Every structure is written in C-alpha cells, then in structure tokens.
Amino acid sequence: MSINHDIRNLLDIQDSNIHFATNCVNQKLYKGRMSKFISAKLTYIPRNCTVCGMANKDFSIIKNGTQESRISLPMVGVHRTFLLLKKQRFFCKSCSSTFVAESKVVDRFCCISNQSKSLVTLKASEAQSITLIAQDTCVSTTSVQRFINQYSQSMPKKHYDLAKHLSFDEFKYLKGRMAFEYINAKTGAILGILPTRLSRDIRDHFMTRYSYAQRCAVETITIDMNAGYEKIIRDLFPKGEDHYRQIPPSPTHQSLDE
Ligand SMILES: [Zn+2]
C-alpha cells in the first residue's frame with residue numbers, strides 16, 4: 001500500500017486528489033504547544049473554470065503555482081494536528097482569472113476541516129460544555145459556538161428533507177469508535193450525524209426519520225470504496241444496486257492519483 005493510502009486512512013481523508021509524500025509528518029512547537037503538522041498537496045485536472053464556467057479544453061486551464069493553508073484536523077494521538085495543504089492554483093485563459101483547487105475536506109476560505117466541524121456538532125448533541133468541546137477538538141470557543149448555531153439553523157424544523165444526492169462519510173469519534181455522517185453531496189450541508197456506524201443503527205435512523213417515498217427519491221450515494229455500506233444502501237434506497245457510486249471518481253474533478 002502507498003504512503004498516500006496509509007495517511008489518508010489514518011486521517012480519515014477520502015479525497016484521492018490530496019497527495020502525501022514520504023516524511024510528510026513533522027512535530028514542532030506552535031503557539032507554545034507541541035503540534036503535529038502533516039504536509040500534503042491538493043491537485044487535479046479541473047473540468048471547468050470555477051470563475052467563468054468554461055470547459056477545460058486544449059489546455060485552456062493551466063497550473064499556476066500553489067497556495068498553502070494550515071487546516072485544523074481532529075487530534076491524532078495526543079497533539080494538536082494540522083494539515084499543511086498546498087492547494088493547486090489554476091489560470092483560466094478564457095477569462096484570465098485564477099482560482100484554487102477545492103476539496104470536501106475543507107470549505108473554501110476556511111481553515112477548520114469539515115471533520116472537526118462534524119466532531120463539534122456531535123459532541124454538542126451530547127450536551128458537553130463549549131469549553132470542553134473546544135479543548136477536545138482544538139477549535140476556539142467562538143468557532144464551536146458558530147458551528148453549533150450553523151448546524152441548528154440548517155436543520156429542517158418540521159420535517160426532515162433528504163437530498164437526491166447523498167454522500168456517506170465516517171470519522172474517528174472516541175478512542176476506537178467511528179461516527180457516521182451523511183451530507184448533501186451537491187451543497188456539502190450536513191444532514192445528520194450518528195455517534196455510531198453500526199448497520200443496525202444507521203438502518204434504524206433512516207427508517208424512522210424518512211418515509212419510503214423519500215428514500216426512493218434518492219438518486220445517488222457517494223461512498224468511500226473501503227466502506228461496507230453496500231448492503232444498507234440496497235436495503236434503504238430501493239432503486240437497486242446501480243444506485244450508489246464509489247469514490248473515486250469525484251463528481252467534479254478528475255483524479256491524478258494512482
Ligand atoms: Zn474562466
């Protein structure tokens with residue numbers, strides 16, 4: 001197995017456009033605390049320009065340097081953990097604009113990973129204090145409060161909506177335990193988080209929260225190719241086996257990896 005595979009597995013990062021090299025993990029003092037820094041590069045061949053929308057034909061979009069972001073991840077071991085992500089910059093010859101590679105690991109203009117945000121939301125649902133959540137997730141108390149507010153505002157008030165295109169994800173939650181989340185694959189909005197990824201619990205959750213008609217309306221489900229969700233998906237979303245799509249390929253990018 002490649003180092004890419006091992007580090008992605010360790011960090012629960014499913015985006016195969018993020019590339020790790022040998023000796024990419026370093027430990028050093030940061031703001032007075034020992035922290036872990038993991039270097040990586042995000043690159044791919046874009047299908048369209050994100051500014052003007054023109055398709056990338058005959059090298060109309062070219063690579064144009066990189067831009068580094070320091071992204072907070074959930075802790076690996078006992079130290080704060082950061083992803084030093086060199087994001088590919090692109091230049092579009094059609095509109096003479098530059099834009100930066102994107103990943104579902106982190107939202108645009110944000111330096112806190114979506115995994116960390118999910119962890120905050122999950123801990124908040126267990127009625128933990130904001131200070132404690134901030135300590136456990138290495139996110140400031142202000143950000144913790146903001147994520148909780150955003151999540152509660154995004155939740156449907158009277159009935160639960162299910163998107164046509166879903167993405168299933170999992171991340172480390174407590175020692176030795178994984179949590180499960182499902183998101184709207186088009187918008188990236190978190191639709192639900194469970195503190196377990198057991199098939200029985202996931203099945204119960206969807207069966208009690210969504211009607212049969214709602215589940216029939218789901219068209220695609222993107223899952224990690226290592227995850228064993230095929231059977232649940234067949235049971236819950238009755239459109240059949242062709243119904244789910246494993247990643248890669250990602251819906252918007254061509255991967256350069258492997
Ligand atoms: Zn353009």
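## A buried phenylalanine and its stacked partner

Phe-37 has a relative accessibility of 5% and therefore counts as buried (under 20% relative accessible area; exposed is over 50% and partly exposed in between, with a 1.4 Å probe and protein chains only). Phe-82, at 7%, is buried as well. The model is predicted: local features need pLDDT of at least 70, side-chain atom pairs count only at pLDDT 80 or more, and totals for chains, interfaces and linings use all residues. Residues are numbered from 1 along each chain as its sequence is written, and side-chain values use heavy atoms, without hydrogens and water.

The structure contains 15 aromatic pairs (rings of Phe, Tyr and the six-membered ring of Trp with centres within 6.5 Å; planes under 30 degrees apart are stacked, over 60 edge-to-face, the rest tilted). In one of them, the ring centres of Phe-37 and Phe-82 are 5.2 Å apart and the planes meet at 20 degrees, so the pair is stacked. Phe-37 belongs to strand E3 (residues 33-42) and Phe-82 to strand E6, 45 residues apart, so that distant parts of the chain are linked (strands are DSSP runs of E with at least two residues, helices runs of H or I with at least four, numbered from the N terminus).

## Charges over the rings and an aromatic cluster

Lys-28 lies over the face of Phe-37, 4.9 Å from the ring centre. Over the ring of Phe-82 sits the charged end of Arg-70, at 5.9 Å from the centre. The criterion is NZ of Lys or CZ of Arg within 6 Å of the ring centre and within 35 degrees of the ring normal.

One aromatic cluster is formed by Phe-168, Phe-180, Tyr-182, Phe-206, Tyr-210, Tyr-229 and Phe-237.

## Zinc site

The zinc ion has the SG atoms of Cys-49, Cys-52, Cys-92 and Cys-95 as protein donors, at 2.3 to 2.4 Å (donors are N, O and S atoms within 2.8 Å of the metal, or 3.2 Å for Na, K and Ca; water is not among the atoms, so sites may look incomplete). The angles between the four donor atoms run from 104 to 115 degrees, which makes the arrangement tetrahedral (all angles between 85 and 135 degrees). The sequence spacing of the donor residues is C-x2-C-x39-C-x2-C.

Cys-52, in the loop between strands E4 (45-46) and E5 (61-76), and Cys-95, in the loop between strands E6 (79-92) and E7 (97-100), are 43 residues apart. Cys-52 is partly exposed at 37% relative accessible area, and Cys-95 is partly exposed at 27%.

## Whole chain

The chain has seven helices and 13 strands, and 45% of its 258 residues are buried.

Technical notes: Tetrahedral: all angles 85-135°; square planar, octahedral: opposite > 155°, others 65-115°.
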